[in-house]
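Welcome to this short tour.

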Amino acid sequence: MSFNAIRYAVTETFLSLKRNGWMGLASVATVAISLIILGFAVTLVYNTTKITGNIESNIEISAFVNTAATAAQVQTLQNEIQQLPDVKSVSLISKEIALQQYQASLNNQVLSDLGGSNPLPDKFVVKAQLPEQVAGLAGKIGSLRGIDKVNYGQGVVDQLLSFTHWARWVGISIIALLSIASIVLISITIRLTVYARRREIQIMKFVGATDWFIRWPFLMEGLILGIGGAVLGGIVVIYGYENLVSYIQANLSFVPVVKDQGFMVILAAVLLGSGALIGAVGSMFSLHKFLKV
Amino acid sequence: MFIQLTNVSKTYPNGVRALIDTTLRIDKGEFVFLVGPSGAGKSTIVKLLFREEQASRGQVMVNGKNLSRLRDGRVPYFRRNIGMIFQDFKLLVNKTVYENVAFALQVVGASSKEIKQKVPAVLALVGLDKKADFLPTQLSGGEQQRVCIARAVVNNPPLVLADEPTGNLDPETSWDIMKLLLDINKRGTTIVMGTHAKDIVDSLRKRVIAMERGRIVRDEEKGVYGNEF
């Protein structure tokens, strides 16, 4: 592309942006709003994924040993569990330690009340490799001789898994719908420009302008509208999220929120990229049929 | 040979057979009138030569190029060698006379130096050098057609296609336009002009190709408009 062609494209782009003033502003605003929602949806999905990931990796199976078992039998059981497939780790919490922990949580009241005897069983704490394996593994451990009872927060695991799955899909659907809406709006704006300049386009075709020469100003107009919206939306999302994170950390410190610069940079890049893509796709839609002469 | 149609037929998607097995040859530097009633196939020939339409059958050669083998991407470059003149002028109403002509150079990537040099020259050629800053709406029909001609020839194309260039003009103005086209033809440019203007065709005595229902019915040097239609 020659220098003259570039200068022409740039001039035409800005003339057209000026001419379309309000409509352009409306598309920038729509893109911005869509990307704000997209940005918050992405942060929400990212946070829930992180949080559920944390919870998932902390799901433990508690297996209680028959109180009649001897120390040797407990040792054998530990080895048996260790050798089951999908086991990540096994640790023994003996009844003595369990009692101490229990006591600590009740301000040392219990020991005197019990009069020296210990009613608590030995307990194995087992972690699975993957959260999906927890239920099956718990069943196998429960069927071992010498294990009285198995606990793993039955149901919670399944609910957690289906919630993350569901949250991801809802997020993706909302994002897809909003992207389509933004593309349609940009394409309407560009269509107005194309329509206002259809005679020019026809004459350009007649005097031998190439399709790309004709496309560039429209493509650039679409890109500028899309990127303009993305910058606006990005500022709102990033500024808003940082404030939200500070608020949560100050007032709701038990909610684990993600705060890292790397994620923000990626988020900004995603928003800018989406804005540019929306602008480009929108303008190409409108140009397609006018180029056939 | 400059233009050669060999056994060309054109059937439009709606089933209209606009051109039937037509063979035609035009040499470099000729001035040719295409005459005949509306729908006879004049416009179809012009569209085929401009590669706005492609032949359904047969071969169209223009300036050494076989148009059925011309890739879409090359069409713009092919068109830079053809000047188009329209019955309705097709000027941009929000641009001045100068800008309308300069536009044709801009969109093919000409430098501003080239534009500053060529536009005044071509406006002088068509006699509009004093009205360069006028808008098309401030001009008469004949003057608007001169702008259209200036735009068509500013690139100095070897071929000019004119589709009823005097169709919207009064007889006196039509003659001025014809004189201008003859001048351009004298400089070596081939001109193919579709027209209904009987008195112009009859008095200029140029080559006349008469068409009817998609076929050439008469082709004569120093011809007349004829009485068959």
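How many salt bridges does the rule find across the interface of chain B and chain A? Select both chains and look between them: the rule finds zero, a salt bridge being a side-chain nitrogen of Lys or Arg within 4 Å of a carboxyl oxygen of Asp or Glu.

This is a predicted model, where local features need pLDDT of at least 70, side-chain atom pairs count only at pLDDT 80 or more, and totals for chains, interfaces and linings use all residues. Residues are numbered from 1 along each chain as its sequence is written, chains are lettered from A in the order in which they are written, and side-chain values use heavy atoms, without hydrogens and water.

Stay at the interface. Chain B brings 23 residues to the contact and chain A brings 19 residues (heavy atoms within 4.5 Å). On the side of chain B that touches chain A, twelve residues are nonpolar, five polar and six charged (Ala, Val, Leu, Ile, Met, Phe, Trp, Tyr, Cys and Pro count as nonpolar, Asp, Glu, Lys and Arg as charged, the others, Gly among them, as polar).

Next, select helix 7 (156-196) of chain A and helix 2 (21-57) of chain A, each of which supplies at least two residues of a nonpolar patch (helices are DSSP runs of H or I, at least four residues, numbered from the N terminus). Helix 7 of chain A gives the largest share, four residues. Finish on I33(A), which sits in helix 2 of chain A.
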